[in-house]
Amino acid sequence: MRNVKARMATHQVEPGASLRHGGHSRRLSRRLADPAQSTWASLHTDLLDLIASRVLASDLLDYVRFRAVCLGWRVTTPCPRGRGMVDPCFHPRQWMMFPEGGGLYPGHPALLGYVRFFNLLTGTFIHVRLPCFRNHSVLDCPDGLLLLRHNKSTVICLLHPFTGDVVLFPPLSIFPQLAKLGCFISDFSKIQDTRFVCAPVSVNLVGTVTMMLALTGLDRVAYASTGDRQWTPTSWKMKHLYSALPFGGSLYVVDGGWGLEPSRILRINPPEDSNLSSWSVIPPQMVTQCPVKLLRMLQLVECNSELLLVGCDSGHSRIVLFRVADLLNGVTTMQLTSIGDQAVFIGGWNMAVNSKSLPSVQGNSIAVVNEIGGGLAGRGTLPLYDLGSGTWSQVFDGHFLDGPVPRPYSLVLHVATCCQRLYWNSGKILCFNTDV
């Protein structure tokens with residue numbers, strides 16, 4: 001990729017080096033030119049394929065470096081560029097767009113077109129030059145890809161930040177079908193708010209990319225595939241779409257969660273060629289029902305490759321954590337008390353990060369970037385819940401959402417901005433005040 005500028009630890013890599021031969025890779029290539037080292041360059045194709053598949057399963061950028069070792073390895077293995085969208089193996093799932101803080105949202109002139117990305121597992125940071133942020137806003141970051149909306153035309157595109165591959169979708173301005181379904185024109189403005197979109201990506205065997213949008217402001221889901229001229233919304237409507245999360249190519253949502261009404265976890269699969277006509281009509285089946293007496297303010301999050309359900313007890317004094325797989329089997333008493341080194345962040349976008357390489361980020365904890373944890377000092381205080389001790393603490397003195405955030409800015413505050421879409425786009429952010 002010609003527009004990548006990576007910073008690994010203290011090393012600065014020039015643009016394009018992460019997808020071409022970096023300095024380390026060139027030195028290694030020269031060593032492999034030595035006859036004594038030539039056996040590495042002539043590894044059997046089957047063995048190279050096995051190593052490449054395992055490296056790719058670990059991280060896309062490690063796979064790029066693997067291909068840069070020598071010409072033989074590069075020729076033998078598939079190039080991500082051109083396949084970054086249509087082959088899910090090349091989706092950068094471990095990577096998340098990382099707002100800079102200090103009011104420097106992606107696309108800010110002071111960043112010179114560069115956007116930072118953060119590896120959830122290793123804590124690695126890289127800078128990528130993405131000029132498209134001059135006229136696009138970010139809606140979501142599914143599978144590490146960027147779902148963007150053009151600020152004027154409202155055309156939707158899906159961008160692979162490391163290969164530059166792009167897939168176009170129809171404009172997201174007004175769904176004419178929604179008017180036919182009885183939606184008021186005033187409701188259409190809700191789909192323009194980037195805080196109310198969640199988008200899983202799926203790719204079929206012939207390379208057609210399908211995007212589903214969970215429109216929490218309308219309690220509906222819509223989809224479009226490459227080549228479609230319009231989005232197709234569901235004719236059915238959920239009671240209250242409280243939380244949504246892409247997982248395994250499907251969309252999992254929490255429906256309900258208000259008052260004494262039971263909450264349900266629904267799974268919405270992407271449409272297939274065999275059910276295109278019925279997808280928007282037939283409501284999804286319930287995965288499981290959540291006990292009302294246990295959970296409030298339910299959220300879904302992926303942690304350690306598992307789907308977890310996070311909520312508060314009725315007094316908002318204790319976090320309750322379940323594996324959805326356990327709930328599916330009827331086990332409602334097996335609450336999780338440990339997630340190891342993982343730290344879960346709950347906000348407009350939920351995620352789990354590995355705390356080992358991240359100073360100030362506490363493992364086996366849940367940081368809440370919204371109103372959950374009402375026993376603390378009110379809205380926006382970024383309370384932290386220790387799963388081991390079952391106690392709350394406060395990350396800093398101040399209001400994370402209402403700002404200004406007091407200095408110094410710890411890394412845990414910057415990680416939290418990944419979960420709050422108010423920090424993602426110009427004009428829609430509550431930024432760290434640089435004048436404090």
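**Figure 1. Gln 299 and Asn 350 are joined through their side chains by a polar contact of 2.9 Å.** This close-up, like the others here, comes from a predicted model. Gln 299 belongs to strand E19, which covers residues 296-303. Is Gln 299 buried or exposed? With a relative accessible area of 8%, Gln 299 is buried, so the contact with Asn 350 involves a residue under the 20% limit for burial.

**Figure 2. Five strands form an open sheet with mixed pairing.** Reading across the sheet, the order is E23-E22-E24-E25-E26. Which strands stand at the edges? They are E23 (351-354) and E26 (391-394); each has a single partner strand, so one side of each has no neighbour in the sheet. On average, neighbouring strands of this sheet are turned by 25 degrees against each other, direction ignored. Look next at E22 (residues 342-346) and E24 (residues 365-368), which pair in the parallel sense over 4 bridges. Here Ala 343 can be found opposite Ser 365 of E24. As a reminder, strands of a sheet pair through backbone hydrogen bonds, either parallel or antiparallel.

**Figure 3. Leu 47, Leu 50 and Ile 51 make a nonpolar surface patch.** The patch amounts to about 220 Å². One of its members, Leu 47, lies in helix H3, residues 45-58. Leu 47 has a relative accessible area of 39% and is therefore partly exposed.

**Figure 4. Helix H4 is mostly covered, yet Arg 65 and Asp 62 meet there in a salt bridge.** Of the 8 residues in H4 (residues 60-67), 6 are buried. Which ones are buried? They are Leu 60, Leu 61, Tyr 63, Val 64, Phe 66 and Arg 67. Arg 65, also in H4, is partly exposed at 32% relative accessibility, and Asp 62 is partly exposed too, at 33%. Their side chains form a salt bridge of 2.9 Å, N to O. Why do these two sit about one helical turn apart? Arg 65 and Asp 62 are 3 residues apart in H4, which means a separation of about one helical turn. An α-helix has 3.6 residues a turn, so residues three or four places apart point the same way. Arg 65 can also be placed relative to Val 55: the two are 10 residues apart along the chain, and their C-alpha atoms are separated by 9.6 Å.

**Figure 5. A salt bridge between Arg 93 and Asp 143 brings two loops into view.** The structure holds 7 salt bridges, and in this one the closest N and O atoms are 3.9 Å apart. The pair links distant parts of the chain, 50 residues apart. Arg 93 is in the loop between helix H5 (71-76) and strand E3 (95-97), while Asp 143 is in the loop between strand E6 (136-140) and strand E7 (146-150). Arg 93 is partly exposed, with a relative accessible area of 45%, and Asp 143 also counts as partly exposed, at 25%.

**Figure 6. Glu 306, Arg 323 and Asp 326 are linked in a network of salt bridges.** Within it, the side chains of Glu 306 and Arg 323 meet at 3.1 Å, N to O. This pair links distant parts of the chain, with Glu 306 in strand E20 (residues 306-312) and Arg 323 in strand E21 (residues 319-323), 17 residues apart. Glu 306 is partly exposed at 31% relative accessible area, and Arg 323 is partly exposed at 25%. Side chains of opposite charge can pair when their charged atoms come close.

Technical notes. Residues are numbered from 1 along each chain as its sequence is written. This is a predicted model: local features need pLDDT of at least 70, side-chain atom pairs count only at pLDDT 80 or more; totals for chains, interfaces and linings use all residues. Side-chain values use heavy atoms; hydrogens and water are left out. Buried means under 20% relative accessible area, exposed over 50%, partly exposed in between (1.4 Å probe, protein chains only). A polar contact is a pair of N or O atoms within 3.5 Å; within protein, one must be able to donate a hydrogen and the other to accept it, and residues adjacent in sequence count only if both atoms are side-chain atoms. Two strands pair if DSSP finds at least two bridges between them. Axes are lines fitted to C-alpha atoms, for helices over the stretch in contact, and angles run from 0 to 180 degrees between N-to-C directions. Patches are made of residues with over 30% relative accessible area and no salt bridge: like charges are joined within 9 Å, nonpolar side chains (Val, Leu, Ile, Met, Phe, Trp, Tyr) within 5 Å. Accessible areas come from the Shrake-Rupley method with a 1.4 Å probe; for residues, only the protein chains shown count as cover. A salt bridge is a side-chain nitrogen of Lys or Arg within 4 Å of a carboxyl oxygen of Asp or Glu.
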